[in-house]
Amino acid sequence: MAQAKAIIAVAGAAAVLASLSMFTVSETQKVIRFRLGEIVQADYTPGIYFQVPFINNVKKFDGRILTLESKPERFLTSEKKNVIVDSFVKWRVKDVAKYYTTVAGDVVQANIRLDQIIKDAMRSEFSKRTIRELVSSERSQIRDVLSSAASPVAEQLGIQIVDVRVMRIDLPSEVSSSVYRRMEAERARVARDFRSRGAEVAERIRADADRQREVILADAYRDAELKRGEGEATAADIYAQAYGKNKEFFSLYRSLSAYRSAIREDDTLVLEPDSEFFRYFKKSTGK
């Protein structure tokens, strides 16, 4: 019985010793192995590893992408105007040994240091730009500039900056009103310029239309007069031909037409009895 208990005790001790002699590294972890407090090895690949109990020990850190959400911060532009910037940073541990020695592997300390690095980069970048350039610039351009400026400093902490995003750029209330007034004046100036250009183009179109109208009317009047002249010439020729065929009948027809036009009901004409106008009212001569 005592021998069995001893075997069990030895087996338990062996199991404990074996567990102390082994450690695992997952795909989401960064691991450092120490020997009496001194770093022996870092950046293990995922798998199972062995160590000497009580002499070696390991520390594990999160190797996934972490997020630093910064509080909105004020920055000065090149115009000495304040803007309120809201941003966040995606980062992960790149050199775990350097990460441990600089910030003791503490995520909170790493976020504090990284936040200061990003703010210094933003302060430097925003001081080179105007408010209009910050608002009109593409966010990807600002992101690339901030990432390039902050990455070398972050690598000294063993940190890799994956992404820097500027979510919002706002103006303080004391600046917004003056900026809006300036923008409104600028838009009004552009609108006036467009209106003046439109009025100028409209006047040119109107003048060209009036000129074309006069030309068309003149051409139409010329063509009408030519047609009228041709018609009158044709009519005169027809009258002449008809008159030549029977002069007496034509004279009678013209006189009857004159009577119809000149004499109406209750009209009074004062003429000599022998007037040529009434020659067809005289007694027939037998001809």
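This is a predicted model: local features need pLDDT of at least 70, side-chain atom pairs count only at pLDDT 80 or more; totals for chains, interfaces and linings use all residues.
The chain contains seven helices and nine strands. Of its 287 residues, 24% are classed as buried. The accessible surface of the chain amounts to about 20,300 Å², and carbon and sulfur atoms contribute 55% of this area. Among the contacts in the chain with a separation of 6 or more, 64% are accounted for by residues 24 or more positions apart.

Helix packing was examined for α2 and α3. Two packed helices are described by the angle between their axes and by the distance between those axes. Helix α2 spans residues 96–103 and helix α3 spans residues 107–126; the two pack at an angle of about 85°, and their axes lie 10 Å apart. Because angles of 65 to 115 degrees count as roughly perpendicular, α2 is described as roughly perpendicular to α3. On the α2 side, the contact is formed by Y99, T102 and V103. On the α3 side, V107, Q109, A110 and R113 take part. By residue class, the contact of α2 with α3 comprises four nonpolar residues, two polar residues and one charged residue.

Helix α3 also holds K119. With a relative accessibility of 15%, K119 falls under the 20% limit and therefore counts as buried. When residues up to four places away in sequence are set aside, K119 touches E73 and F75.

Salt bridges were then considered. The whole structure contains 20 salt bridges. In one of them, the side chains of R168 and D86 meet with an N to O distance of 4.0 Å. D170 is partly exposed, its relative accessible area being 31%.

A further salt bridge joins E203 and R206, whose closest N and O atoms are 2.9 Å apart. Both residues lie in helix α6 (residues 173–245), where they are three residues apart, about one turn of the helix. E203 counts as partly exposed at 46% relative accessibility, and R206 is likewise partly exposed at 45%. Elsewhere, salt bridges link R143, D144, D163 and R165 in a network.

Two buried loop residues were also examined. S70 is located in the loop between β6 (66–69) and β7 (73–76). The relative accessible area of S70 is 11%, so this residue is classed as buried. Apart from residues up to four places away in sequence, S70 touches D86, S87 and D115. The C-alpha atoms of S70 and I112 are separated by 9.6 Å, although the two residues are 42 residues apart along the chain.

P172 occupies the loop between β9 and α6. This proline is buried, with a relative accessible area of 1%. Its contacts, not counting residues up to four places away in sequence, are with R74, N82, V83 and I84. P172 and K81 are 91 residues apart in sequence, and their C-alpha atoms are 9.1 Å apart in space.

Terms used:
Residues are numbered from 1 along each chain as its sequence is written. Side-chain values use heavy atoms; hydrogens and water are left out. Axes are lines fitted to C-alpha atoms, for helices over the stretch in contact, and angles run from 0 to 180 degrees between N-to-C directions. Helices (H or I, at least four residues) and strands (E, at least two) are DSSP runs, numbered from the N terminus. Angles under 35 degrees count as roughly parallel, over 145 as roughly antiparallel, 65 to 115 as roughly perpendicular and the rest as oblique. Contact means heavy atoms within 4.5 Å. Ala, Val, Leu, Ile, Met, Phe, Trp, Tyr, Cys and Pro count as nonpolar, Asp, Glu, Lys and Arg as charged, and the others, Gly among them, as polar. Buried means under 20% relative accessible area, exposed over 50%, partly exposed in between (1.4 Å probe, protein chains only). Accessible areas come from the Shrake-Rupley method with a 1.4 Å probe; for residues, only the protein chains shown count as cover.
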